[in-house]
Amino acid sequence: MPTAKLLWLLVPLFGVLELTAHFFFAGRAPAPEAYRELGPRVAKLAKSGDLVLMTPEWAEPNARYGLGERWMPLRDVARADESAYPRAIEISILNQSANELEGWKVISTETFGKFRLRVLENPAPAKPQYRFVDHLTPDDLQVHLGNKNCAYRRNARVSNGALAGHATFPKKRFQCSGPDHVFIGETVIDSARFRPRRCIWAHPGRAPLKVNFGRVAMAAQIRGYTGLSELKARDGKGGKVKLSVSVDGTLIGETVHDNYDGWKGFEFPTARWAGQTAEVEFVISSARPRSRHFCFQADTR
Amino acid sequence: MTAEGDSGPVGAREPSGPVQLSFAQRLLAHRAMDWSIALALAGGYMAALLLTVADLGYARDEGFYFGAGKSYARWIDLLFTDFDRAMLRSSVDRYWGNNHEHPAFIKTLFALSYKYLYLKWHWFSEEGTAFRFPAMVMSAASVSITYLWGSRAISRTAGLFAAASFALIPRVFYHSHLDCFDMPVLSMWLLTSYVYWRSTVGGGLPWALLAGVLYGFFLNTKHNSWLFPGVLIVHWLVMRGPRVGRNLKVGHARVPLALFTMAIIGPVVFYLTWPWIWFDTGNRLAEYVAFHTGHVFYNMEFLGETFFRPPMPRLYAWLMTAGTVPAITLGLFLLGSYRALKEAYFDVGAGVFARFRSRRALGSDARRHKSARSFWLLCVLVSYAPWISSNSPIFGGTKHWITAYPFVCLLGGLGFDWVLREIRSLSSAPWLGRIAAPAMTLSCLVGPLAMTQNSHPWGLSCYTPLVGGAPGAATLGLNRTFWGYATGSVQDFINDKAPPRARAFVHDTALQSWDMMVKDGRLRKGMHRQLGVAGSNIAVYHHEPHMLQVDYQIWTDYGVVAPGHVGHHNGVPIVWVYTRP
């Protein structure tokens with residue numbers, strides 16, 4: 001019998017191999033309940049201000065379910081980036097590592113069941129002095145659409161667009177005259193690649209939208225991001241959105257956001273005001289302000 | 001592999017010499033046995049579907065077809081009580097206008113099942129199951145037809161393997177439950193093909209007439225039927241070969257009778273069984289064609305990208321097939337296809353691209369085999385053909401080309417038969433002959449069985465080991481779910497945690513589908529369902545990347561990011577539920 005004929009036996013063997021592979025892959029990722037046991041482990045490793053993140057990203061809902069708001073609050077889950085975190089607790093499965101922590105120093109690694117927990121240190125953490133999104137109150141901020149004041153409401157009607165709709169219009173916001181969507185308030189948009197970004201909603205109106213923070217602790221720069229809701233930006237409707245930043249009446253920079261710009265960073269130097277308190281004004285405008293679900297995030301650092 | 005191993009065409013019947021057959025052998029040889037096996041397969045599959053149907057939430061489109069079915073049932077009532085009024089245009093428009101962008105045949109069956117099996121005879125306690133029943137029957141029938149064709153054109157063992165491997169494609173099992181068109185159109189394609197083939201291999205007029213009638217119902221099931229003439233014409237050309245041109249020249253082109261019956265009877269049946277097109281026929285048919293040729297593009301994730309509009313990825317159909325159909329089934333399909341081409345078109349043992357086989361060289365059995373196998377290959381190719389274009393939509397995932405799967409499995413049966421013969425020829429030891437078939441069957445079906453069992457009730461989230469299962473597919477960025485049916489998998493949590501008179505945000509679940517879950521007692525009564533997050537106090541989220549905005553709406557509206565419950569498939573989150581603090 002030619003030996004080559006024995007190769008036919010590979011076919012049924014392949015069937016058995018596929019069965020084995022099925023059981024291997026089906027049991028590889030932990031169920032959501034397993035994430036509940038992570039809490040005490042994370043508590044032992046984490047310090048105040050640490051970022052807890054899950055990788056691969058698709059497993060994050062399980063981690064949020066298992067760890068809850070304490071370890072994965074909105075401000076971390078929908079962070080602008082990782083630059084201001086001194087340390088991160090990376091929870092990973094399937095031997096994955098978070099791309100965003102590349103270059104961070106690994107302090108410790110341990111495994112727990114199907115999880116790997118790593119503590120990583122940011123080699124150069126930024127120290128924000130003033131996060132604008134944390135100061136959206138009438139004490140810190142005045143908003144105008146053109147020359148008209150946008151009144152602060154503590155209990156505005158909350159709305160959200162459900163499927164293919166807009167981000168949540170929050171209860172507390174500076175509502176401008178005209179359509180509901182022209183306001184300044186905190187929300188979360190689906191930015192580039194549908195990633196969540198906690199930011200300041202600033203849909204441009206028919207006149208420039210002026211956002212004036214009265215007493216800002218200044219540092220070497222104002223750094224931030226601009227974004228459009230990914231789903232809405234893909235409509236390709238509406239024009240570019242311009243964000244201008246002034247400090248004490250001096251224009252320090254402008255950035256223009258177009259449909260496919262994603263979560264776009266900007267940095268404007270403010271060294272001459274470093275260590276002082278100054279007035280910072282953001283002006284948002286667009287020649288075609290239709291369907292511009294624009295949002296931005298910024299801090300001084 | 002050598003030519004010595006080729007003991008004749010795969011699937012050729014054993015020579016019928018004056019051999020003494022035992023009673024059992026005679027019984028097994030009898031066609032009645034094939035029909036018994038076919039019925040047993042259908043019964044078994046039907047039982048599996050009925051036993052598992054209650055675990056499966058209602059998909060978005062099912063909700064729309066419930067409404068259409070009820071509307072058509074009211075017209076049927078009118079037909080029996082006031083025939084003249086039922087025939088009026090106003091009545092037809094009123095009752096058949098519902099969901100008129102899709103043909104009526106299968107929805108009429110949904111209506112009849114609802115009217116008789118649920119309302120009148122109380123066969124089902126769940127209205128939704130009554131609506132799903134016709135498609136389940138047609139799915140089970142597809143398993144039987146696959147077996148019958150395989151056993152007739154290859155061998156009984158091959159037919160059994162083909163039928164079982166078809167039934168055990170996880171996505172086929174999922175779609176087989178639904179009150180939708182996908183499995184019915186697969187069933188109609190397969191049945192019409194089988195009857196057409198029978199008509200061309202000696203079946204004569206009755207089979208040809210039946211093919212004509214069936215093609216009418218096929219046309220009235222779904223627009224996949226528009227592709228079918230392409231199969232028939234190419235098949236005819238392939239089977240007649242170069243003689244077609246010569247025959248045409250002398251005006252004697254021996255066209256199969258069934259082609260005429262399908263061209264004539266088919267459209268008549270289509271017209272008669274779809275009342276919507278009885279009036280303003282031209283415009284309504286044009287509207288129907290325009291709806292499907294210019295169908296809106298819904299979103300679909302593939303390899304981490306969400307595709308909103310063309311150009312769609314050309315790899316989509318191939319990679320999704322590889323990632324969702326068990327690899328052993330696909331491997332045997334490739335072997336079977338190779339064998340079919342080799343036997344039918346090329347000299348056995350002389351290489352794939354050797355000289356084309358002379359038709360005269362093929363005996364009548366071989367011609368019959370060639371006819372069936374060519375037909376299967378063509379059905380596979382034509383079912384996939386639209387996805388060669390990057391303009392074809394991909395939003396429905398694998399169901400777009402699901403009509404190819406029984407033919408994939410029939411060719412898989414041919415591959416199975418070939419491998420089995422080769423393994424048996426390894427030794428003349430009797431024990432090998434005895435155990436080869438059961439061992440081979442077990443080893444080739446146990447994987448698909450385990451995958452299918454594991455896939456329920458997450459049919460659209462199921463991926464094979466080739467892409468690392470569901471976790472691997474999630475890492476690759478393949479779609480996790482769509483259609484909002486996964487609400488069925490979190491119903492217990494909703495029933496348990498929703499406050500009295502809760503306002504539930506249903507996300508991608510159609511309101512009609514939600515309502516049916518309430519009617520069937522799966523979801524608690526007294527909850528108000530709504531399409532917006534604001535004002536709700538319990539919210540369901542079905543994951544697709546382009547839907548993530550909805551997840552964030554819930555976070556910011558409810559003030560929490562931690563879901564109260566996560567429905568998952570093999571650790572991959574598919575659907576999650578939030579409760580307002």
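**Entry 1, ground rules.** I am working with a predicted model, in which local features need pLDDT of at least 70 and side-chain atom pairs count only at pLDDT 80 or more, while totals for chains, interfaces and linings use all residues. Residues are numbered from 1 along each chain as its sequence is written, chains are lettered from A in the order in which they are written, and side-chain values use heavy atoms, with hydrogens and water left out.

I looked up the domain assignment of chain A, which gives domain 1 (32-121) and domain 2 (130-300), the bounds coming from an automatic or database assignment. Their C-alpha centres lie 29 Å apart. Taking contact as heavy atoms within 4.5 Å, I find 11 residues of domain 1 touching 12 residues of domain 2. The two domains bury about 940 Å² between them, with 43% of it on carbon and sulfur atoms; buried area here is the accessible area (1.4 Å probe) that two parts lose on being put together, summed over both. Of the area that domain 1 buries against domain 2, A:Arg75, A:Ala78 and A:Ala80 supply 50%, more than any other three residues.

I count 3 salt bridges between domain 1 and domain 2 of chain A, a salt bridge being a side-chain nitrogen of Lys or Arg within 4 Å of a carboxyl oxygen of Asp or Glu. A:Arg223 forms a salt bridge with A:Asp81, and their closest N and O atoms are 3.0 Å apart. By class, the side of domain 1 that touches domain 2 has 5 nonpolar, 1 polar and 5 charged residues, where Ala, Val, Leu, Ile, Met, Phe, Trp, Tyr, Cys and Pro count as nonpolar, Asp, Glu, Lys and Arg as charged, and the others, Gly among them, as polar.

I then turned to the interface of the two chains, where the contact takes 59 residues from chain A and 67 residues from chain B. About 5100 Å² is buried between these chains, 67% of it on carbon and sulfur atoms. A:Trp8, A:Glu18 and A:Trp58 supply 16% of the area that chain A buries against chain B, more than any other three residues.

The rule finds 3 salt bridges across the interface of chain A and chain B. I looked up A:Arg64, which forms a salt bridge with B:Asp551, the closest N and O atoms being 3.5 Å apart.
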